[in-house]
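These are my notebook entries on the structure shown below. I began with the ligand and then turned to the parts of the chain around it.

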Amino acid sequence: MIVLGIETSCDETGIALYSGDRGLIAHRLHSQVATHATYGGVVPELASRDHVRRVLPLAQDCLAEEGLDAGDIGGIAYARGPGLAGALLVGASVAEGLGWALDCPVLGVHHMEAHLLAPMLEPDPPAFPFLALLVSGGHTLLVEVADIGRYRVLGESLDDAAGEAFDKTAKLLGLPYPGGPQLEALAREGEPGPFRFPRPMTDRPGLDFSFSGLKTAVVNAVREADEDAPTRAAIARAFQDAVVDTFAIKVRRALEQTGVRHLVVAGGVGANQALRGRLRQVAEDQGAVMACPRLAFCTDNGAMIAYAGYRRLWAGERDPGPVDIRPRWPMDELRVPAPAD
Ligand code: ATP
Ligand code: MG
Ligand code: FE
């Protein structure tokens, strides 16, 4: 079975083809960063309109690259949520329309489940059970994963998501949107030492996170400090060190608590090299193995949607009815893949 994956939850149009026999066979991405950069954040209406323009041409490119045509598609998966309602509707409508036209099954998948399963596309996939640290633009989750669809959320952010904290801090430092990768680059040039920010919620038990206080600490530091380049780099470094330390402490705690021996780090912030390096060390210290998606599949992409959709469609799962997106969708509502009644 070849599954067409459609990702339109936010500001990236991602399309991919996943084959049960051959694995990931094609993928295309169109990022809207340039569209939204002038506004300093994602403008939902512009995002929806751009998805409308991109989805079908990208799907045609994927098929053409493999010498396939639409008739070879055996199933269609789209991101059903969480995400921006208008953007999700584009992917959902195209998927349902194509499904009718091609007479093939359609399934809306959970965007965070897709992020979580993205390392399954790599040569050394993680084994179940694993602990997943999902760090993206809208979510910060520690999830115990017994199997596909068997998720227990152990901790989450009580306020800002990790990616949001990176983006807001980057903005404070005058870096363009989206700031995560730029902040990482600036932090690489920063001296450790001149600044030290809090490691929120690490001094008490539990696995939840909070990043809004850290942001306030950065606001104060920026206000009081000099504006020269070394100072800005040192602030970026101190912010990133605080985030990395916080995740290292909580991931170690979660590995100890669960006794799980595989760690997955996924989502856009999972592309951060300082975070990856540190968590790899934490995992090794606990006798665990870390798995990550390739950098391009940490942020939003169609490949992860195609894969998650393939696993569920293959198990017989189908969309229950007409287009039904879930802009908000708690992960612990998910179940093991099963045929619809
Ligand atoms: P969600 O998946 O929660 O709906 P999203 O899809 O917008 O949110 P992703 O595409 O997974 O999020 O990730 C984007 C986020 O990752 C942005 O906040 C971005 O700044 C951050 N990010 C990307 N690369 C890096 C990096 N190298 N270091 C830190 N943050 C990064
Ligand atoms: Mg994005
Ligand atoms: Fe995402």
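Predicted model: local features only at pLDDT ≥ 70, side-chain atom pairs only at ≥ 80, totals over all residues.

Entry 1: the ligand shell. I found 25 residues around ligand 1, the closest being Gly137, Gly138, Gly163, Gly180 and Gly268. I then asked which elements give two or more residues to this shell. They are H4, helix H5 (162-172) and helix H6 (180-188). By residue class, I noted 15 polar, 7 nonpolar and 3 charged residues in the shell around ligand 1.

Entry 2: the place of the ligand in the chain. I looked up the domain division and recorded domain 1 as 2-116 + 300-333 and domain 2 as 124-292. Why does ligand 1 lie between the two domains? Domain 1 and domain 2 both give residues to the shell around ligand 1, so the ligand lies between them.

Entry 3: the contact between the domains. I noted 27 Å between the centres of domain 1 and domain 2, taken over C-alpha atoms. On the contact itself, 12 residues of domain 1 meet 19 residues of domain 2. On the side of domain 1 that touches domain 2, helix H1 (33-37) and helix H4 (111-117) are the elements that give two or more residues. I recorded the residues of that side as 6 nonpolar, 4 polar and 2 charged.

Entry 4: I traced an open sheet of 5 strands, in the order E3-E2-E1-E4-E5 and with mixed pairing. Which strands stand at the edges? They are strand E3 (23-31) and strand E5 (106-110); each has a single partner strand, so one side of each is left without a neighbour in the sheet. I noted an average twist of 20° from one strand to the next.

Entry 5: one strand pair. I looked up strand E1 (residues 2-7) and strand E4 (residues 75-81), which run parallel and are joined by 4 bridges. In this pair, Leu4 is placed opposite Ile76 in E4.

Entry 6: helices on the sheet. I found helix H3 (residues 85-102) packed on the sheet, where it touches E1, E4 and E5. The direction of helix H3 makes about 160° with that of E4. I also looked up helix H10 (residues 302-314), which lies across E1, strand E2 (12-19), E3, E4 and E5. Helix H10 runs at about 130° to E1.

Technical notes: Residues numbered from 1 in each chain as written. Chains lettered and ligands numbered in written order. Domains from an automatic or database assignment. Contact = placed C-beta atoms within 7 Å. Nonpolar A, V, L, I, M, F, W, Y, C, P; charged D, E, K, R; others polar. Near = placed C-beta within 6 Å. Pairing = 2+ DSSP bridges. Axes fitted to C-alpha atoms, helices over the stretch in contact; angles between N-to-C directions.
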